[in-house]
Amino acid sequence: MSDSEFKNDPANPAQPNEPVVSKPYVMPDDPEPASAEALAKEAADARDKMLRTLAEMENLRKRTAREVADARMYGITGFARDVLDIADNLQRALDAVPAEARANADPGLKALIEGVELTERSLHNTLEKYGVKRLDPSGSKFDPNFHQAMYEVPDPSVPAGTVVQVVQSGYTIGERVLRPALVGVSKGGAKQPAATAANGNEPSSAA
């Protein structure tokens with residue numbers, strides 16, 4: 001009998017098949033302190049990048065919202081500036097009629113004047129609906145951001161630099177100047193020497 005036949009002989013229990021033994025489980029080594037610090041630093045960097053990304057997205061959202069609002073508000077700037085010519089012509093038409101002639105006008109002329117006034121009010125109401133407002137600087141202090149001085153007017157009854165005449169109305173759109181008001185500014189007259197005496201300067205000659 002051969003060796004193979006002897007091993008496979010069921011009558012010979014002294015030679016059982018060899019059991020299959022699995023490999024023993026080896027516990028992983030504890031992580032080194034340096035490795036833990038590296039993981040903590042990597043987690044901190046990832047968190048910092050995430051926060052930066054969130055901040056950039058929030059800034060982008062705010063900037064986009066602001067640009068959309070500006071486009072909605074100031075997108076009609078060119079059109080509004082052209083419409084101002086119509087408002088100027090309506091105002092000139094009303095100013096061309098003297099107060100005495102308006103008071104003594106016949107019914108037809110009065111109806112015409114009232115129609116022009118109604119049209120002017122309707123135009124300004126429509127402009128205000130879209131953020132365009134007329135400036136009325138009469139009696140206010142001259143502001144180069146909103147006014148353009150055309151000439152000086154000697155007037156001792158008001159402080160120097162006061163708007164005493166409006167040649168052409170100014171307009172704003174939103175927070176921007178659509179057109180500065182053309183104005184005449186007072187020189188202050190007799191009040192000018194008192195103002196200059198306080199700082200020791202010689203008063204300028206009145207025109």
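What is the mean pLDDT of the protein chain, and what percentage of its residues reach 70 or more? The mean is 80, and 74% of the residues reach 70 or more; pLDDT is the predictor's confidence in each residue, from 0 to 100. This is a predicted model, in which local features need pLDDT of at least 70 and side-chain atom pairs count only at pLDDT 80 or more, while totals for chains, interfaces and linings use all residues. Residues are numbered from 1 along each chain as its sequence is written, and side-chain values use heavy atoms, with hydrogens and water left out.

**Figure 1. Overview of the protein chain.** The chain holds 6 helices and 6 strands. Helices (H or I, at least four residues) and strands (E, at least two) are DSSP runs, numbered from the N terminus. Along the sequence the pattern reads α-α-α-α-α-β-β-β-β-β-β-α. Of the 207 residues, 21% count as buried. Buried means under 20% relative accessible area, exposed over 50%, and partly exposed in between (1.4 Å probe, protein chains only). Among contacts between residues at least 6 apart in sequence, 61% join residues at least 24 apart. A contact means heavy atoms within 4.5 Å.

**Figure 2. Residues 192-207.** Here pLDDT stays under 50. For this stretch the model has 11 contacts beyond four places in sequence.

**Figure 3. Helix α3 against helix α5.** Helix α3 spans residues 77-95, and helix α5 spans residues 107-129. Their axes come within 10 Å and cross at roughly 150°. The two helices are therefore roughly antiparallel. Axes are lines fitted to C-alpha atoms, for helices over the stretch in contact, and angles run from 0 to 180 degrees between N-to-C directions. Angles under 35 degrees count as roughly parallel, over 145 as roughly antiparallel, 65 to 115 as roughly perpendicular, and the rest as oblique. The crossing of α3 and α5 is left-handed. That term applies if the near helix is turned anticlockwise from the far one by less than a right angle; clockwise gives right-handed. On the α3 side, the contact is made by Val 83, Leu 84, Ile 86, Ala 87, Leu 90, Gln 91 and Leu 94. Helix α5 contributes Ile 113, Val 116, Glu 117, Thr 119, Glu 120, Leu 123, His 124 and Leu 127.

**Figure 4. Ala 87 in helix α3.** Ala 87 sits in helix α3. Is Ala 87 buried or exposed? Ala 87 counts as buried because its relative accessibility is 2%. Leaving out residues up to four places away in sequence, Ala 87 touches Leu 123, His 124 and Tyr 171.

**Figure 5. Salt bridge between Asp 45 and Lys 41.** The structure holds 6 salt bridges. Each is a side-chain nitrogen of Lys or Arg within 4 Å of a carboxyl oxygen of Asp or Glu. In this one, the closest N and O atoms are 3.2 Å apart. Asp 45 and Lys 41 are 4 residues apart in helix α2 (residues 33-74), so about one helical turn separates them. Asp 45 is partly exposed at 35%. Lys 41 is exposed at 53%.

**Figure 6. Salt bridge between Arg 102 and Glu 117.** The N to O distance is 3.2 Å. The pair links distant parts of the chain, 15 residues apart: Arg 102 lies in helix α4 (residues 99-103) and Glu 117 in helix α5. Arg 102 is partly exposed at 29% relative accessible area. Glu 117 is also partly exposed, at 22%.

**Figure 7. Salt bridge between Arg 134 and Glu 120.** These side chains meet at 3.7 Å, N to O. Arg 134 belongs to strand β1 (residues 132-135) and Glu 120 to helix α5, 14 residues apart. Arg 134 is partly exposed at 41%, whereas Glu 120 is buried at 9%.

**Figure 8. Val 167 in strand β3.** Strand β3 covers residues 163-168 and includes Val 167. Which residues does Val 167 contact, leaving aside neighbours within four places in sequence? They are Tyr 151, Leu 182 and Val 183. Val 167 and Gln 148 are 19 residues apart in sequence and 9.9 Å apart from C-alpha to C-alpha.
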